[in-house]
Amino acid sequence: MAEEKVTVITVVYNLVKSGRVKYFKQMLQSVRNQTYKNIEHIVMDGKSTDGTLNLLDKYQKKGYIKYYSEKDNGPYDAMNKGIDKATGQWINFMNAGDCFHDNKVLELLFGENNHDNCIAIYGNTNLVKNGLFVGRFFNNPFWKVRYPFRTGQGFCHQSLFTKTSMAKKLRFDLSYKYAADFAMSYRLYLLGYDFEYINLVIADYDITGVSSQSRYLIIREFGK
């Protein structure tokens, strides 16, 4: 069975100015360290002006990433641009500060498994702060709750892989400011596609800057 290519998409803007270079490097290393090597790592930059492009150029020359720098209308627009450029069979979104949990995650998911009968794969997520474990993100699948749009949970997209063909078809709805990733997964569910759960910690999600207020905004926005 031929290995399926996985496209990891990272969206950045002014990493140097924001002090996120260290976290970007940690994320990049977690992708580079995967024992599964059929990976395409696309970085979408929003036209940074602070030296970020010099950093990205260095990593592109080493063959670590493919990066593109162009104006966008926010993170979800940049993520759509990444989807357009993806050539893998599966897409995952990984932000600076987030990491794959260990170096065998992708091998365990895709090394000897056939996921032809599903449109999305999701697993578990550890929540970390300053590199330390602080808890677990609890997936709340749409089919397990009475009012899905009120949960504010769904899946953590760092631990979600979506078939590229479907991501290209649906794209993120830019009418949402906070909830477009939640909305895309919910649309897949409404269309009747299967989600496959893998009992594996896939990603370590950095909660720095994430508050209960932002989660409330997701619930409120999607529930309109």
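## Salt bridges and cysteines at a glance

The disulfide count here is zero, taking a disulfide as a pair of cysteine sulfur atoms within 2.5 Å. Keep in mind that this is a predicted model. Salt bridges are another story: the structure holds five of them. Here's a run through three of those pairs, plus a quick look at two cysteines.

**Asp206 and Arg20**

- Asp206 pairs up with Arg20 in a salt bridge, and their closest N and O atoms sit 3.6 Å apart.
- Asp206 counts as buried because its relative accessibility is 8%, under the 20% cut-off.
- Arg20 comes out as partly exposed, since its relative accessible area is 23%.

**Glu40 and Lys66**

- Glu40 and Lys66 bring their side chains together in a salt bridge, at 3.0 Å from N to O.
- Both ends are in strands, Glu40 in E2 (residues 39-45) and Lys66 in E3 (residues 66-69), so the contact ties together parts of the chain that are 26 residues apart in sequence.
- With a relative accessible area of 4%, Glu40 is buried.
- Lys66 is partly exposed, and its relative accessible area is 38%.

**Arg171 and Asp84**

- A salt bridge also joins the side chains of Arg171 and Asp84, with an N to O distance of 2.5 Å.
- Here again the pair links distant parts of the chain, 87 residues apart: Arg171 is in the loop between helix H6 (164-170) and helix H7 (180-190), and Asp84 is in helix H4 (residues 75-85).
- Arg171 is partly exposed, at a relative accessible area of 27%.

**Cysteines**

- Cys99 has a relative accessibility of 15%, so Cys99 counts as buried.
- Cys156 also counts as buried, at 6% relative accessibility.
- As for bonds between cysteine sulfurs, the tally stays at zero disulfides.

Key
Residues numbered from 1 in each chain as written. Predicted model: local features only at pLDDT ≥ 70, side-chain atom pairs only at ≥ 80, totals over all residues. Heavy atoms only, no water. Salt bridge = Lys/Arg side-chain N within 4 Å of Asp/Glu carboxyl O. Buried < 20%, exposed > 50% of the residue type's maximum accessible area, 1.4 Å probe, protein only. Helix = DSSP H or I, 4+ residues; strand = E, 2+ residues; numbered from the N terminus.
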